[in-house]
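Please read the following note beside the sequence and the model.

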Amino acid sequence: MAEGIIQKAERLRDASLYADALRELKRALRLCRTADGEESLRCLLSLGDTYRMTGDFIKAAAYYTEAMPLAGKLKDPDSKMDATAGLGLSLRALGRWKEALRLINKAGAYYRKRKDKEGTAFSLWAEAGALRIQGDIKKAVGTFKKALAAFSSLNDRSGIGYCLCGLGGTTRVMGLYKDSLGYYKAANEIFIRLNDAFGRAYSHCGIGNAMRMDGDYAGAMIHFRRAARLYKKMGDIVSYSYTLWSAAKTRMAVGKYTDAEKNLKEAGVLFKKTKDPRGIIYVRLGLAELRLLEGSRAKAKALTLSALEEARGYGFGVEKCHAGFLLSYINGKPDGRCYNKLGLRLSLTSVPFDFP
């Protein structure tokens, strides 16, 4: 009986109907906890995957953690490694990139040993995302390209699309905005054909950010609105929050400071709710810029120092550069050498800065 419920839940998840999928999975878990261990394991993994897709990484991590010893007990090493990779992705989103890389690389080594091409491609994509959060952008780009080649050899259109989004994000951080736009547009075309709502939202947000960085603020807002509608419908709080931040930076660029502050404060509440340290850092930097534009240098400095301390604590390379640069600007001596060390080609001249 639970098997049928799990299948229904996974169809709902594939249709990006995450709230409905979670309701069915919880019902299935109640039925199979006392009965079939294999069904319990599948249910735990599906719950982990679905919570991860909605941005609830703490609950996702809890379900993956529960799945790992059960997989060991059932002598199911494939599921154990799938749970390991899922836990790595959840910790990556919570800013714990060192643990994430260890878990993802452990799963990747297993997939390579088993000559599991799908698993290997997935682990490369997951590793690249963790490297991006660490701030090793050059290595992240190279690893996303390896993942893209792996998914292309499998003719996995979905995997190709998500790798293109990853490349869109990393090239944007590098300052290669036209390359970024090209990657995101190619991904968007794939996701439209696949009818993948999450992928469409992800690529729309990416297109918007690439356009924002290239100065097309009106065009950027069109894509942010599309992304926000999809994320809200799916219930993905984290992705919606990053879209709010992107919209705030766009509104700052055109002088709509009141609207920008409203977006930043809403995003800040949601980032705290989901315990996303990178999101919190970006909100503080945005608010610091607004305080600086108002002439409140002391408030701007306090917010920037807080963001810098947080970035250093988590070891976020790119965010540490952003906070350090803003602090140097506030102190009257703009210093962008940190970006050069990471290989980023950013040209930041005056507040508000177009942080990528």
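1. The structure holds 16 salt bridges, a salt bridge being a side-chain nitrogen of Lys or Arg within 4 Å of a carboxyl oxygen of Asp or Glu. The model is predicted: local features need pLDDT of at least 70, side-chain atom pairs count only at pLDDT 80 or more, and totals for chains, interfaces and linings use all residues. Residues are numbered from 1 along each chain as its sequence is written, and side-chain values use heavy atoms, leaving out hydrogens and water.

2. Arg 52 pairs with Asp 49 in a salt bridge whose closest N and O atoms are 3.7 Å apart. Both residues lie in helix H3 (residues 37-54), 3 residues apart, about one turn of the helix. Helices are DSSP runs (H or I, at least four residues), numbered from the N terminus. Arg 52 counts as buried at 17% relative accessibility, and Asp 49 as partly exposed at 24%. Buried means under 20% relative accessible area, exposed over 50%, and partly exposed in between (1.4 Å probe, protein chains only).

3. In helix H14 (residues 257-274), Lys 265 and Glu 261 are 4 residues apart, and their salt bridge has its closest N and O atoms at 3.1 Å. Lys 265 is partly exposed, at 49%, whereas Glu 261 is buried, at 15%.

4. Glu 261 also meets Arg 291 in a salt bridge (2.7 Å, N to O). Arg 291 lies in helix H15 (residues 277-294) and Glu 261 in helix H14, so the pair ties together parts that are 30 residues apart in sequence. Salt bridges with shared partners join Glu 261, Lys 265, Arg 291 and Glu 294 into one network.

Note on methods: Helices (H or I, at least four residues) and strands (E, at least two) are DSSP runs, numbered from the N terminus.
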